[in-house]
Amino acid sequence: MSVRPFALKHWDCKHLMRQLFVLTGASLCCIAGWYLYTSSSAATTPGHKADDMTARSSAAVEHTDTHVNLKVLPTAGLPAFILSAGSKDAFDRFIFARHGASAQQAKNDYQQHSHSRFSEHTASYASAVFGRYVDYKVALSQQNLEVPGSAVFQDIADTLDAREVLRRRFFDDHEYTILFADEAAEDHRALSRLRIAGDAGLTARQKKQQIFEQIDALDEQQQVGFLPTLNMHKVAQIKQQFADDTSRYNALAALIGDKPAQRMVVTWQKQAQWQARVEQYRDFRETLRQQRLDTHMQNTLLDEYQRTHFSTNERKRLHVVRTQ
């Protein structure tokens, strides 16, 4: 059976998070790359009940008791397969390495792989879970449950709900919790941030404050994708909180290190100096207006002031101030 490749997508909510966060001036997930345009049938492996493949119908997937009982595992030989948070990434890497292969071929390859890597009592379960994961990825692509960056809030919510139903169709509660619970929780947090960003009853400042409060409440691992944005937000807070350079430097150094803090303080000093010169220019311009000079004379005096106090490049920047 020949197939065309299709993108087997990682529905990683970090990707969605960065997409949604762009809408609020702040970042969400990862797309794996191979394509399978076939739906695959579930393979049934005889043996221990813990190794039975799941039976499927067109409406739902019924699960047998496929979880591994570690008490009956041998103490020697190959290690046991234990479903963990890293299993999904391992499955994706295995799939990606077989880009262009059919779904059934990927399952067959993993069946051989599992029996060479895992103990006899757990290899069949590993193969069963992988087979259902492939079927889930195929169904995910066929139902087009990707969340576009331009989608409105309700469309995104509906898509996430449909994806949740699909996951529950292929995996029982125990497997779902291990494979998808963290990702689903991040999806809902990202959706909450999008809801805040679209709330017409909030000011821009209120939206920003609520979104950063939510991100600040995340644990360190959950904040990893937001660290650049969080740091810049904290840097802006430091600038507002402290007026003197020494206090600013100390706070910045604790956040981003000595050298970046030094560069930031120097940048702020230059900004402050520029702003002071701009204010002097505005004062001079206002003085000329109060003297009620004719327009030509005012422009002549302003041009002379600019040439005296500003470089050529600075005068280009000053043009914006002059038109205000």
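Me: Which helix holds Q298, and is Q298 buried or exposed?
Reply: This is a predicted model. Q298 is found in helix α12, residues 295–309. Its relative accessibility is 16%, and the cut-off for buried is under 20%, so Q298 counts as buried.

Me: Which backbone oxygen lies 2.9 Å from a polar atom of the Q298 side chain?
Reply: Leaving aside neighbours within four places in sequence, Q298 is in contact with L288, R289 and L293. One of these residues supplies the backbone oxygen at 2.9 Å from a polar atom of the Q298 side chain. That oxygen belongs to L293.

Me: At what angle do helix α5 and helix α6 pack, and is α5 roughly parallel or roughly antiparallel to α6?
Reply: Helix α5 covers residues 153–170 and helix α6 covers residues 173–197, with their axes 11 Å apart. The packing angle is about 175°. Angles over 145 degrees count as roughly antiparallel, so α5 is roughly antiparallel to α6.

Me: How many nonpolar, polar and charged residues make the contact of α5 with α6?
Reply: On the α5 side the contact includes F153, I156, A157, L160, R163 and E164. On the α6 side, Y176, F180, E183, A184 and D187 are among the residues that take part. By class, the contact has ten nonpolar, no polar and nine charged residues.

Me: With which side chain does the side chain of E183 make a polar contact?
Reply: E183 is placed in helix α6 and is buried, with a relative accessible area of 10%. E183 of α6 and R167 of α5 are both among the residues that make the contact between these helices. At 2.8 Å, the polar contact partner of the E183 side chain is the side chain of R167.

Me: Are the rings of Y136 and F170 stacked or edge-to-face?
Reply: The search of the whole structure finds 18 aromatic pairs. The ring centres of Y136 and F170 are 6.4 Å apart, with the planes at 65°. Planes over 60 degrees apart count as edge-to-face, so the pair of Y136 and F170 is edge-to-face.

Me: How many residues apart are Y136 and F170?
Reply: Y136 counts as buried at 1% relative accessibility, and F170 is buried too, with a relative accessible area of 3%. Y136 lies in helix α4 (residues 120–142) and F170 in helix α5. The pair links distant parts of the chain, and the separation is 34 residues.

Me: Where do W274 and F310 lie, and how many residues apart in sequence are the parts that the pair ties together?
Reply: The rings of W274 and F310 have centres 5.8 Å apart and planes at 75°, so this pair is edge-to-face. Both W274 and F310 are buried. W274 lies in helix α11 (residues 258–290) and F310 in the loop between α12 and α13, so the pair ties together parts of the chain at a separation of 36 residues.

Me: With which residues is K234 in contact, leaving aside its neighbours within four places in sequence?
Reply: K234 lies in helix α9, residues 227–241, and counts as partly exposed at 33% relative accessibility. K234 and L252 are 18 residues apart in sequence, with their C-alpha atoms 8.8 Å apart. Leaving aside the neighbours within four places, the contacts of K234 are D216 and L255.

Conventions. Residues numbered from 1 in each chain as written. Predicted model: local features only at pLDDT ≥ 70, side-chain atom pairs only at ≥ 80, totals over all residues. Heavy atoms only, no water. Axes fitted to C-alpha atoms, helices over the stretch in contact; angles between N-to-C directions. Helix = DSSP H or I, 4+ residues; strand = E, 2+ residues; numbered from the N terminus. Parallel < 35°, antiparallel > 145°, perpendicular 65-115°, else oblique. Contact = heavy atoms within 4.5 Å. Nonpolar A, V, L, I, M, F, W, Y, C, P; charged D, E, K, R; others polar. Buried < 20%, exposed > 50% of the residue type's maximum accessible area, 1.4 Å probe, protein only. Polar contact = N/O pair within 3.5 Å; in protein donor to acceptor, adjacent residues only side chain to side chain. Phe/Tyr/Trp six-rings, centres within 6.5 Å; stacked < 30°, edge-to-face > 60°.
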